[in-house]
Amino acid sequence: MAHPRSPLRITDNVVDTDQRPAVVLERLDLELRLKLMRQAAPAAVLAERPDLGSAAALMLSDLGFIAAPWRSDAPEPDLDHGLMLIVGDRFAPDFLNDVLNGPWTARLDRVVLFGDRLGGRTLAALDEIGFPFIVKSLPTPERLASILAHADPSTAALRQSAVARRTAAAAEIETGSDRLFGLIRAGDLGAAIAEAKGAFNHFEALLDSAAAAHWLTIIQSYHDGTAQHCSLVSAIAMLFARGLGFSAGDQRRLFEAAHFHDVGKVHVPLSVLDKPGALDPEERRVMETHARAGYDMLVGNDAVSGEVAEAARDHHEYLDGTGYPYGISGRRITDITRMITICDIFAALIERRAYKAPRTARQAYAIMQSMDGKLDATLLRAFSPIAESCSSD
Ligand SMILES: [Fe+2]
Ligand SMILES: [Fe+2]
């Protein structure tokens, strides 16, 4: 038997319908229905597959929207009045490209995007454009109704300003950590400390502006490996401190320890630091001098607390005494240092380096769980939700 809503047109990946039986509309509560009726306007669907598009178009039609035709070879959809629904599952590169570069990017307040298998990188790319309504599922009639009823331009404006704030914070952090290491190399530790203290606010802005999986991707794209590592450890340490409910003051303490943990690397030759492969024993010995060198630079400086200098010296020590530079163990390793060690190892594992593929957040955490007796077991357990929140699958 033919489907009653036969005038449905499917052209490649673009679907539209002019039917409006309002079946779903009747099931909705009055408030939602009134909101929807105010929004009622032409609507078009861009779908990754025709079946996804036809399902979404029928739902739109049920909700009382009048679908207007839109195809990639047609004039731009009327987004000043209409709504655009974007629906995909795999978000394959071609489709993602269409989505990221379509005419709707100029009027995001009228676009709702659905995708049930949006990976971290796809979400990050969409988020970068500032899509205000991204739903990580395929549309259902009720979900669609609720989102369309509440979609309003002020949300889109807020979203776009959050994206702008995040972009600015991410750029400040990247140039700031470049500057930090430049100042340390030049021996101007006082200015480096002032730089680090100022950077705290940019990290706060970044953490507040997006999910961890997203800002991690931003930091992982930093060009300079040292800036990338310093920023990753600092951001993860802040996340850890927040997760443990630390006061603002204690968050700063952990942040400063993270920001300065590898300052001693300025004394390690670039040929060792940036070597695209495993280090030989002599190179490893040189690399390992960074812990003691960092301590020597920081200790006794009035602007840096002793615990920050200690974290720089001890962050490669293990509780079972198998770490370096001194092989100290147990209680001689402070809580702050234990936290920095966890953040440092996690960051190193998920980092992109020329000679190794990055591990996923879950793989990194599993590796750390297997490091018997080396890391603080209680802190590592407390780190579990942090690692999970960094996961992009
Ligand atoms: Fe280190
Ligand atoms: Fe490190």
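The iron ion (ligand 1) and the iron ion (ligand 2) sit 3.4 Å apart, and Asp 262 coordinates both. This is a predicted model, where local features need pLDDT of at least 70, side-chain atom pairs count only at pLDDT 80 or more, and totals for chains, interfaces and linings use all residues. Residues are numbered from 1 along each chain as its sequence is written, ligands from 1 in the order in which they are written, and side-chain values use heavy atoms, without hydrogens and water.

Now the first site. Asp 262 (OD), His 290 (NE2), His 315 (NE2) and His 316 (NE2) coordinate the iron ion (ligand 1) at 2.1 to 2.3 Å. Donors here are N, O and S atoms within 2.8 Å of the metal (3.2 Å for Na, K and Ca); water is not among the atoms, so sites may look incomplete. Along the chain, the donors of ligand 1 follow the spacing D-x27-H-x24-H-H.

His 290 lies in helix H13 (residues 281-298) and His 315 in the loop between helix H14 (306-314) and helix H15 (335-350), so the pair ties together parts that are 25 residues apart in sequence. Helices are DSSP runs of H or I, at least four residues, numbered from the N terminus. His 290 is buried, at 1% relative accessible area, and His 315 also counts as buried, at 1%. Buried means under 20% relative accessible area, with a 1.4 Å probe and protein chains only.

Last, a helix pair. In H15, Asp 335, Arg 338, Met 339, Ile 342, Cys 343 and Phe 346 meet Leu 379, Leu 380, Phe 383 and Ala 387 in H17, contact being heavy atoms within 4.5 Å.

Definitions and conventions:
Helices (H or I, at least four residues) and strands (E, at least two) are DSSP runs, numbered from the N terminus. Buried means under 20% relative accessible area, exposed over 50%, partly exposed in between (1.4 Å probe, protein chains only).
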